[in-house]
Amino acid sequence: TAELVPDVLLRFAAAEVMSRPDLGFLNPGATVSVAGGARTVTTGNPRLEPFRAKTLDLGLEWYFNEGAMLGLGLFYKNIDSYVQTSRETRPFSTSGLPESLIAGTGATVNDDFVFQQPLNTPGGDLRGLEINYQQPFTFLPGFWSDFGTLLNYTYVDSEIQYLSSTGAPSAKGPMVGQSKTAWNATLYYDNDKFSARVSAAYRSGYLNQIPSREGSDREGTKATTTVDASISYNIDDNLSISLEGLNLTDEWNDMWIDSLGDRSISYTHTGRQFMMGIRYKF
């Protein structure tokens, strides 16, 4: 970290990192599920290697006032090993599992099942930037000086080499679960007695699976924007009450399959959630 001028910091970091796969992925056993026409066999892979990557980070931060900051961060990751979930549709008889596992389910050994297993891939590159801005409005007069804002924006681009269930290279695409763009915006009010904030969060669409099932190329989830809010009041030094609302716009979760056909596979929502709390400090 270098202080270029007072209140302006330049940060640089380089690292070689490693992360263990999810313990469920390392399970040597198998789980068979039959629910109507949905038939799956999910197996672990105790031979999985950990996630490995080399990372570079560069950041510039300007602390231009008390509690205020403007920052820009650039990052790059060379991913040497990445864990994906492969999916393949084939008859249950090819699995080598005993027929007794599907006894009484209505399925037979000649029926097609979707086989899922985690695999290591050669990985790929990930790069992006992040912009952060926070500003208490202390420069405003009276009541307005207790307001403030928090804003951030992130852009991420990646390209991962994915494999088929046999381990052969099959497709390249973004990292699953990674949105290319995301932003958060918060407006808050805070004094010694009362505080309130409203926040909006956006993330662009992202992939859930590549390559996908049923011969399609990929599965994904469409973009979402959610709005949350909260208020709290300190009755005295010991007692406070709060009210919080989540997903106030009742955002839906829209999942699709096949980048060309854009066929819907799930369209769900959790609804709005409201929570009220009372806190007492001894």
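The exercises below, each with a worked solution, concern a predicted model.

**Exercise 1.** Determine which strands stand at the edges of the open sheet of four strands, and why one side of each is left without a neighbour.

Solution. Start with the strand order, which is β13-β14-β17-β18, with antiparallel pairing. Next, look at the two ends of that order: β13 (206–209) and β18 (263–268) each have a single partner strand, so one side of each lacks a neighbour in the sheet. From one strand to the next, the twist averages 25°. Then take the pair β14 (residues 219–221) and β17 (residues 253–257), which is antiparallel and held over three bridges. Within this pair, Gly220 is placed opposite Trp256 of β17.

**Exercise 2.** Decide whether Gln178 is buried or exposed, and list what Gln178 touches.

Solution. First locate the residue: Gln178 is in the loop between β10 (169–173) and β11 (181–190). Buried means under 20% relative accessible area. The value for Gln178 is 13%, so this residue is buried. Leaving aside residues up to four places away in sequence, its contacts are Leu126, Val156, Asp157, Ser158, Gly205 and Tyr206.

**Exercise 3.** Describe the largest pocket and the second largest pocket by volume and by lining.

Solution. Take the largest pocket, with a volume of about 240 Å³. Its lining has 16 residues, and those nearest the centre are Leu58, Gly59, Glu61, Leu72 and Gly73. Two or more lining residues come from each of β2, β5, β6 (68–91) and β8 (123–136). The most come from β6, with six residues. Sorted by class, the lining has eight nonpolar, four polar and four charged residues.

Turn to the second largest pocket, which holds about 190 Å³ of space. It is lined by 13 residues, with Thr43, Arg90, Phe115, Gln116 and Gln117 closest to its centre. The elements giving two or more residues to this lining are β4 (38–43), β6 and β7 (112–121). By class, the lining of the second largest pocket has four nonpolar, seven polar and two charged residues.

Conventions
Residues numbered from 1 in each chain as written. Predicted model: local features only at pLDDT ≥ 70, side-chain atom pairs only at ≥ 80, totals over all residues. Heavy atoms only, no water. Pairing = 2+ DSSP bridges. Axes fitted to C-alpha atoms, helices over the stretch in contact; angles between N-to-C directions. Buried < 20%, exposed > 50% of the residue type's maximum accessible area, 1.4 Å probe, protein only. Contact = heavy atoms within 4.5 Å. 1 Å grid on protein atoms, 1.4 Å probe; cavity = no way out; pocket = protein on both sides within 12 Å on 5 of 7 lines; lining within 4 Å. Points joined across faces, edges and corners; volume = space filled by probe spheres on them. Nonpolar A, V, L, I, M, F, W, Y, C, P; charged D, E, K, R; others polar.
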